Structures are given as structure tokens and as C-alpha cells.
Amino acid sequence: MSLLATIKRKIHNATHPKLGVVLMLHRVVEKRSEEPEKRELEITTEFLVETIVRYREQGYRFVSIDQVCNILNGKEKGKPFVCLTFDDGYQDNYTVALPLLKRLEVPFAIYVTTGFIDNRLPMWWYPDEQLGLSREELVALSKEPLCTIGAHTISHRRLDELTGEEQLKEIVESKRGLEEIIACPVNHFSYPHGAYNDATVNIVKENGFSSALMAWGGVVRKGDERFQLHRIILKQNQ
Ligand SMILES: [Zn+2]
């Protein structure tokens, strides 16, 4: 980074205090796979508990994605926040993560790709396994007060490579499809692969969402844009 860019960033950061972090997760498992490309998307239950305990010890509080929006709008104040978000809609979010997060009273959001429900579309990065949530599991999750269901398109393609019309379909129909299944509004979105362009952001803004998550960007600061919300990937080394 150039000196000028570094100075600009420092000034921005000094005038836009850190509010908290949105963590990006995928799978939670008892034991991780041997294959490196699968391990990449997995964290263990032990690691998740340690992460929650460590943040709480450091004075953070865990909040829902609705609360993140309220904090950004200045409607809610308090200690620095952590918001847990899971992408894609893996079955282990229901079978493994949910009991643990209930026990620790941690709110969380799951961004579900509708094609992966009941494994109608394959998760091509898991060619031999069926890891998607079932419709019944999704309904059960939506009834959990700690859980927010968000949209993550129909087919999990990169939105920045689609036409405006195709993007609109992916975004709006995934929202409608989820709302039909869970019978309550779906207000939050996450960009598959963290990929989007100006058209994507406009479509999300104009179609009844309150926020949309990126896949990088670091901490959330005062004044940040709700439709390009930064995240930090929660990674377990080794
Ligand atoms: Zn995804």
C-alpha cells in the first residue's frame, strides 16, 4: 500500500471507530476431514466454543444480524459486537452448531442457497457427499429465536458474471423461495463467493433486504455501508 493510501486509511479509521466484527463460517464438525480443500470450510465444535469464550473474555457481545443493522443505524449502542454467519446451508449447522449455540446463547444467521435444500443441486465442491439442509431442518431452524435465515441465491453462481436479469432472478427468487418454506420474511443476503458488482448491490437494496454481506473487508466501522458489510473469515489453522 502506498504511503498516501496508508495515511488515508489511518485518518478514516480514526474518524470511523470500530463497532465489531461479522464472522464468516461454513461447516461445524466434530472431526475435520483429511483433505485440505474440505478442511478449509470446516471448524470443529471445540474451536467454535473456544472462539466464543475468547471473544466474551475480551468484552465482546454476540448479536444477531438485525442488531448489526440497528447498531449501524445508531439505534442500538453497547459493547463491541460479534455476529456469527454461516454460508450455503449445511446440514451440520442444524445437527452440530445449533445445540452448541443454544447452550452458549449465541445468536447466528444462516445464508441458504435454495438449490442446496434437500440436495436438489449438488454442492460441486463436495462431489461425493450430500451435505445440504433438508426442508424440515430449515423450518426447524427458522423457529429458533437465536437463528436468522438469510438468502444466498438459487444456484450459488458468481453474481458479477451474470446479466442484470439473471442476478435479479437469483436474488429475488431465493428470497421468495425461502419465505415460502419458513413462512416469515427474509431480510438479509450474502453474496456467493463474495462476488458482486454495482448492479447486484442495487438489486439487493431495491428488493426488500436490510443488509448484504461480503466475504472479506475486516472489521465493521461506524458509517459502513449495510449492503457491502465487511466480514472476517473464521479460520481454524492446521
Ligand atoms: Zn457460499
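Among contacts between residues at least 6 apart in sequence, 63% join residues at least 24 apart; two residues are in contact if their C-beta atoms, placed from the backbone, lie within 7 Å. The model is predicted: local features need pLDDT of at least 70, side-chain atom pairs count only at pLDDT 80 or more, and totals for chains, interfaces and linings use all residues. Residues are numbered from 1 along each chain as its sequence is written.

The secondary structure comprises 8 helices and 11 strands, taken as DSSP runs numbered from the N terminus (helices H or I, at least four residues; strands E, at least two). Overall values are tabulated here.

| Property | Value |
|---|---|
| Radius of gyration of the protein | 18 Å |
| C-alpha trace span along principal axes | about 50 × 45 × 35 Å |

The radius of gyration agrees with the value near 18 Å for a compact globule of 238 residues; it is taken over C-alpha atoms, and the globule rule is 2.2 Å times the number of residues to the power 0.38.

Buried residues make up 36% of the 238 residues. A residue is buried if 20 or more other C-beta atoms lie within 10 Å of its own, exposed if 12 or fewer, and partly exposed in between. The largest nonpolar core has 54 residues, of which C83 and I110 touch the most other members; such a core is a set of buried Ala, Val, Leu, Ile, Met, Phe, Trp, Tyr and Cys residues joined through C-beta atoms within 7 Å. Beyond its neighbours within four places in sequence, C83 contacts G20, V22, L23, V63, S64, I65 and V68.

E34 lies in the loop between β2 (27–29) and α2 (36–39). E34 counts as exposed because it has 7 C-beta neighbours inside 10 Å. The C-alpha atoms of E34 and I110 are separated by 25 Å.
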